[in-house]
Amino acid sequence: MDSKTAIIAGASGLIGKSLTQSLLQSKNYGQVIALVRKPLGIQHEKLKELTVDFDKLSEMTDFPKGDDIFCCLGTTMKKAGSKEAFYKVDFTYCYELAKTALSAGADRFFLISAMGSDKNSRFFYNRVKGELEDKISFLNYRTIYIFKPSLIRGPREERRPGEKFAQVFTRIIPFIGPLKKYKPIHADKIVDAMMKVARQEDKGCYFYESEIMQKM
């Protein structure tokens, strides 16, 4: 078994849950550290849960050293309640995690972003995602992987009526030709792609959109 340590933030979310299980089952990691606000309810010999205050990440003097950092943090505008609160979770928490983990000796950073992200977009959501990608891409990690899924399918604990409608509606759309990149993708497919590239020995910054992840 490899002695690599994986650190994951956002382990209780749709992608995070699936990714945590895959990391625990992987022979490439000897330890998986989940940064949590409350217990995940998972028992595994490789899993260590570390309760953190994401508002004070930059002040942590005992941040664990990990080889690979997986950032699955994210919220919705409805859940956040305001643009400021959304920005704090989807930009500030993620960026502070990246900087803090790098200072602690991490080599690689894996980020879940979104299709359509653009720091110059007139749409707030896309602009925040784009700003984060831009900032993180300049950090001195050996490797940065950024995953940009379209609509994500999978079992969620929270109800998202708008997203539920979109998932039903998109089932009747033939995603062919130029529309292929917009085809919804299941969370497990994203995780499969992340685990596949995690076995690679790349250097630099790489982007993976839905269409590429579907093929992987």
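A residue counts as buried when its relative accessible area is under 20%, as exposed when over 50%, and as partly exposed in between, using a 1.4 Å probe and protein chains only. G66 is buried by that rule, because its relative accessible area is 3%. The structure is a predicted model, in which local features need pLDDT of at least 70 and side-chain atom pairs count only at pLDDT 80 or more, while totals for chains, interfaces and linings use all residues. Residues are numbered from 1 along each chain as its sequence is written, and side-chain values use heavy atoms, with hydrogens and water left out.

Start with the overall picture. The protein has 7 helices and 9 strands. Helices (H or I, at least four residues) and strands (E, at least two) are DSSP runs, numbered from the N terminus. Of the 216 residues in the protein, 47% are buried. A contact means heavy atoms within 4.5 Å. Among contacts between residues at least 6 apart in sequence, 69% join residues at least 24 apart.

Now the sheet. Its 7 strands form an open sheet in the order β3-β2-β1-β4-β5-β6-β9, with parallel pairing. Two strands pair if DSSP finds at least two bridges between them. β3 (47–51) and β9 (204–209) stand at the edges with a single partner strand each, so one side of each has no neighbour in the sheet. From one strand to the next, the twist averages 15°. Angles here run from 0 to 180 degrees between N-to-C directions, and axes are lines fitted to C-alpha atoms, for helices over the stretch in contact.

Follow the strand pairs. Strand β1 (residues 4–9) pairs with strand β4 (residues 68–71) in the parallel sense, over 4 bridges. Within that part of the sheet, I8 stands opposite F70 in β4. Helix α1 packs on the sheet and touches β1, β2 (29–36), β3, β4 and β5 (108–112). The direction of α1 makes about 170° with that of β1. Helix α4 (residues 124–137) also packs on the sheet, touching β5, β6 (143–148) and β9. The direction of α4 makes about 175° with that of β5.

Next, β5. β4 and β5 run parallel and are joined by 4 bridges. D68 has R108 in β5 as its bridge partner. β5 also pairs with β6 in the parallel sense, over 5 bridges. There R108 stands opposite T143 in β6. In a regular strand the side chains alternate between the two faces of the sheet. In β5, R108, F110 and I112 point one way, F109 and L111 point the other way, and all are buried. Since 5 of the 5 residues of β5 are buried, the strand is largely enclosed by the rest of the structure.

Turn to a helix pair. Two packed helices are described by the angle between their axes and the distance between the axes. Helix α1 (residues 14–25) and helix α6 (residues 187–198) pack at about 45°, with their axes 9 Å apart. That angle makes α1 oblique to α6. Angles under 35 degrees count as roughly parallel, over 145 as roughly antiparallel, 65 to 115 as roughly perpendicular, and the rest as oblique. The crossing of α1 past α6 is right-handed; a crossing is right-handed if the near helix is turned clockwise from the far one by less than a right angle, and left-handed if anticlockwise. From α1, the contact uses L14, I15, S18, L19, S22 and L23. From α6, it uses A187, D188, I190, V191, M194 and M195. These residues divide into 9 nonpolar, 2 polar and 1 charged. Ala, Val, Leu, Ile, Met, Phe, Trp, Tyr, Cys and Pro count as nonpolar, Asp, Glu, Lys and Arg as charged, and the others, Gly among them, as polar.

G66 lies in the loop between β3 and β4. Beyond its neighbours within four places in sequence, G66 is in contact with T5, I7, G105, A106 and D107. C72 is found in the loop between β4 and α2 (77–80). C72 is buried, with a relative accessible area of 14%. C72 and A11 are 61 residues apart in sequence, yet 7.0 Å apart in space, C-alpha to C-alpha. Not counting residues up to four places away, C72 touches I8, A9, G10, I15, G16, L19 and I112. M77 lies in helix α2. M77 is partly exposed, with a relative accessible area of 34%. Leaving aside neighbours within four places in sequence, M77 is in contact with S82, K83, F86 and F124.
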